[in-house]
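Me: I'm new to this one, and I'd like to learn how to read it. Can you walk me through it?

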Amino acid sequence: MFAVRFPENAMPDNYLPQVRSQYEALPYPPCNPEDDRQRLVLTWLEDLPMINHYCFAGKQSFRNGFRALVAGGGTGDATIFLAEQLARPTHRWCTWT
């Protein structure tokens with residue numbers, strides 16, 4: 001198990017130290033942050049074409065600094081997958097007519 005360290009300003013000062021240490025010692029789901037450098041887990045709910053279709057009726061380009069909040073993202077592969085897609089300078093979409 002690898003401990004995850006949150007930046008000092010990531011949690012408000014009113015959090016109990018025991019709560020912060022639990023989140024750092026026992027991230028959920030369990031993860032090794034170094035694994036993210038070697039592999040990318042693809043998740044279907046965070047697929048940009050799917051988000052574009054269902055949330056934006058296909059009209060979102062995800063350019064110009066598009067930002068997303070992943071509520072409950074945890075240490076999540078889904079959050080990393082979404083971030084990797086948004087970090088690409090161009091997006092290639094498949095369309096069917």
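Predicted model: local features only at pLDDT ≥ 70, side-chain atom pairs only at ≥ 80, totals over all residues.

Me: How many helices and strands does the protein have?

Reply: Both are DSSP runs numbered from the N terminus: helices are H or I with at least four residues, strands are E with at least two. The protein has 3 helices and 0 strands, giving the pattern α-α-α along the sequence.

Me: At what angle do the axes of helix 2 and helix 3 cross?

Reply: Axes are lines fitted to C-alpha atoms, for helices over the stretch in contact, and angles between N-to-C directions run from 0 to 180 degrees. Under 35 degrees counts as roughly parallel, over 145 as roughly antiparallel, 65 to 115 as roughly perpendicular, and the rest as oblique. The axes of helix 2 and helix 3 (residues 77–87) cross at roughly 90 degrees and come within 10 Å. So helix 2 is roughly perpendicular to helix 3.

Me: Which residues meet there, in helix 2 and helix 3?

Reply: Contact means heavy atoms within 4.5 Å. From helix 2, Leu48, Pro49 and Ile51 meet Leu82, Gln85 and Leu86 of helix 3.

Me: Is Asn52 buried or exposed?

Reply: Asn52 lies in helix 2 (residues 48–56), and counts as buried because its relative accessibility is 8%. Leaving out residues up to four places away in sequence, Asn52 touches Ala57, Gly58, Lys59, Gln60 and Phe62.

Me: How many salt bridges does the structure hold?

Reply: A salt bridge needs a side-chain nitrogen of Lys or Arg within 4 Å of a carboxyl oxygen of Asp or Glu. The structure holds 2. One of them joins Asp77 and Arg39, with the closest N and O atoms 3.2 Å apart. That pair links distant parts of the chain, 38 residues apart: Asp77 is in helix 3, and Arg39 is in the loop between helix 1 (17–25) and helix 2. Glu34 and Arg37 also meet in a salt bridge, at 3.0 Å from N to O. Glu34 is partly exposed at 43% relative accessible area, while Arg37 is exposed at 69%.

Technical notes. Residues numbered from 1 in each chain as written. Heavy atoms only, no water. Buried < 20%, exposed > 50% of the residue type's maximum accessible area, 1.4 Å probe, protein only.
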